[in-house]
Amino acid sequence: MPNGTPEQGNIGRRTVLKGVLGAGALVGTHAALTGPAGASVDDGERGVEHGWGKVADAFRKNFQNPGEVGAACSVYVGGRPVVNLWGGLADREARRPWRKNTVVQVASTTKGATAICAHLLVQRGLLDLDAPVARYWPEFAAAGKQQIPVRWLLSHQAGLPIVDGPLTFEQACAWHPVIRALEAQEPLWQPGAEHVYHSVTYGFLVGEVVRRITGKSLGTFFAEEVAAPLGLSAWIGLPEKQEKRVARLHEAAPFSYEELLAGLIATTGLDADTVTAWVNAVWAPGSVQARAGELGGALTTPDYHLTRAWRAAEFPAANMLADARSVARMYAATVSDVDGVRLLNPSTVERMTDVQTDTTPMHGLPPGLNVPADRSFWMSLGFWRACQPMPMTGPASFGHPGSGGSIGFADPDAGVGFAYVTNLWNYRPDDPRAANLATAVRACLG
């Protein structure tokens, strides 16, 4: 893993890359799903309702091309599960099968769970998106930040993607040292005038607002207000007793700078010159986006994200562990009633999915370079909106992808909650696995 979070990689011409970017009872098919090297497990409670076989076909094909180690996919429609699939290996070296209760790191898919927590507070009248962050967190007002509204934290427009540091990994896991550093940090640009992905600081910024309002850490609030009512196997801060369920992460083959460009051209529909200039400006070594993944030096230790210390801590931008059923069920409950639980009402969903990055340029681009937000970073208040690089299942869809390939999203028009999780982390922008599954869902919806 290159320096930085799993969200980021080091970009250089002809450099081989491992990461850059940062999507009731079941009846029906019960054919065994075969994983790598012939590994297969009994279907157990896997299932696909009648009319949803195309999703099972796509899931099975992903193991053949482009390939999987272990993965799971879940789909809810109208508050009911219609697809629940898992297969392959949770640990390739140990030949441990992926089981119903296997959980895996979902990287920035975590950000969607964190955003849901914030919008629960908005819905309850406890958080005003247009109020200054300093109303809830007075110390945040230092260094010219007194007028930054909460909405700019959620939409990556606050100008705080980096921490100057220095911070150690142990300090980052302790939470408060990062908060003190963010309080002292000056914005990199006039807040609200530009945007860039706040890879790691997003979770601390939004999480601290939640903590100041509720007196609970983001992980605790999520556990009590989202996971418990819905019966989720999902944690931001994994209890030690759940460690035995964790899938081991494996990395897909590295790829070249030229392959990166080709993948971005294919997924964004932008021309080669624009994509090349964009990548060189935003992800070059030493760039703001590259520094965003380092958290002031705290996240530069090799393989930090494989440690128990990382999984036990709360990084509400990046370290949720969950199964696909839980992520899909969570998103389903934002647009439907799920076993008597609905997290968000339609008016909350409408407000929180209003795109915010369409009127501000991306920070770090050279003068004159236009990278449209709907081809690059189509961000609402904590969620990606459906766009050309990430169509999901319809234009109203919203959710969040994670480095390596995972994604969770909801489609309010179709009443869909969707999730795909994997332990074969592939950082290519044109990774087809989740896209294949979403395409199959669209086909089944008709």
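# Close-up views of a predicted model

**View 1. Helix H2 packs against helix H8.** H2 (residues 110-123) and H8 (residues 218-230) pack at an angle of about 75 degrees, and their axes are 10 Å apart. That angle makes H2 roughly perpendicular to H8. (Angles of 65 to 115 degrees count as roughly perpendicular, under 35 as roughly parallel, over 145 as roughly antiparallel, and the rest as oblique.) H2 brings Ala113, Thr114, Ile116, Cys117, Leu120 and Leu121 to the contact; H8 brings Leu218, Phe221, Phe222, Glu225 and Val226. By class, the contact of H2 with H8 has 9 nonpolar, 1 polar and 1 charged residues. Contact means heavy atoms within 4.5 Å. Axes are lines fitted to C-alpha atoms, for helices over the stretch in contact, and angles run from 0 to 180 degrees between N-to-C directions. Ala, Val, Leu, Ile, Met, Phe, Trp, Tyr, Cys and Pro count as nonpolar, Asp, Glu, Lys and Arg as charged, and the others, Gly among them, as polar.

The model is predicted: local features need pLDDT of at least 70, side-chain atom pairs count only at pLDDT 80 or more, and totals for chains, interfaces and linings use all residues. Residues are numbered from 1 along each chain as its sequence is written, and side-chain values use heavy atoms, with hydrogens and water left out.

**View 2. Helix H8 also meets helix H13.** The axes of H8 and H13 (residues 324-335) come within 10 Å and cross at roughly 100 degrees. This makes H8 roughly perpendicular to H13. Phe222, Val226 and Leu230 in H8 meet Arg325, Arg329, Met330 and Ala333 in H13. The residues of this contact divide into 5 nonpolar, no polar and 2 charged.

**View 3. Three strands form an open sheet.** The strand order is S7-S10-S8, with antiparallel pairing. Strands S7 (104-105) and S8 (234-236) stand at the edges, each with a single partner strand, so one side of each is left without a neighbour in the sheet. S8 and S10 (residues 320-322) are joined by 3 bridges. Ile236 stands opposite Met320 in S10. H8 lies across S8 and S10 and runs at about 155 degrees to S8. Two strands pair if DSSP finds at least two bridges between them. Helices (H or I, at least four residues) and strands (E, at least two) are DSSP runs, numbered from the N terminus.

**View 4. Strand S5 pairs with S3, S4 and S6.** S5 (residues 80-91) is mostly covered, with 11 of its 12 residues buried. Buried means under 20% relative accessible area, exposed over 50%, and partly exposed in between (1.4 Å probe, protein chains only). S3 (residues 47-48) pairs with S5 in the antiparallel sense over 2 bridges. Here Gly47 has Asn84 as its bridge partner. S4 and S5 run antiparallel and share 8 bridges, and Ala71 stands opposite Gly87. The S4-S5 hairpin has 2 residues between its strands, and Gly78 in the turn has a positive phi of about 60 degrees. S6 (residues 96-97) joins S5 by 2 antiparallel bridges; Asp91 has Arg96 as its partner. The S5-S6 hairpin has 4 residues between its strands, and Arg95 in the turn has a positive phi of about 55 degrees.

**View 5. Val75 sits in strand S4.** S4 covers residues 70-77. Val75 is buried, with a relative accessible area of 0%. Residues that Val75 touches include Trp52, Pro81, Ala328, Phe418 and Val441. Val75 and Tyr331 are 256 residues apart in sequence, yet 9.8 Å apart in space, C-alpha to C-alpha.

**View 6. Strand S13 pairs with S12 and S14.** S13 (residues 407-411) has 5 of its 5 residues buried. In a regular strand the side chains alternate between the two faces of the sheet. Ile407, Phe409 and Asp411 point one way from S13, and Gly408 and Ala410 the other way. S12 (residues 398-401) pairs with S13 in the antiparallel sense over 4 bridges. His400 stands opposite Gly408. The S12-S13 hairpin has 5 residues between its strands, and Gly404 in the turn has a positive phi of about 100 degrees. S14 (residues 416-422) runs antiparallel to S13, with 5 bridges. Ala410 stands opposite Gly417.

Methods
Lists of a residue's contacts leave out its neighbours within four places in sequence.
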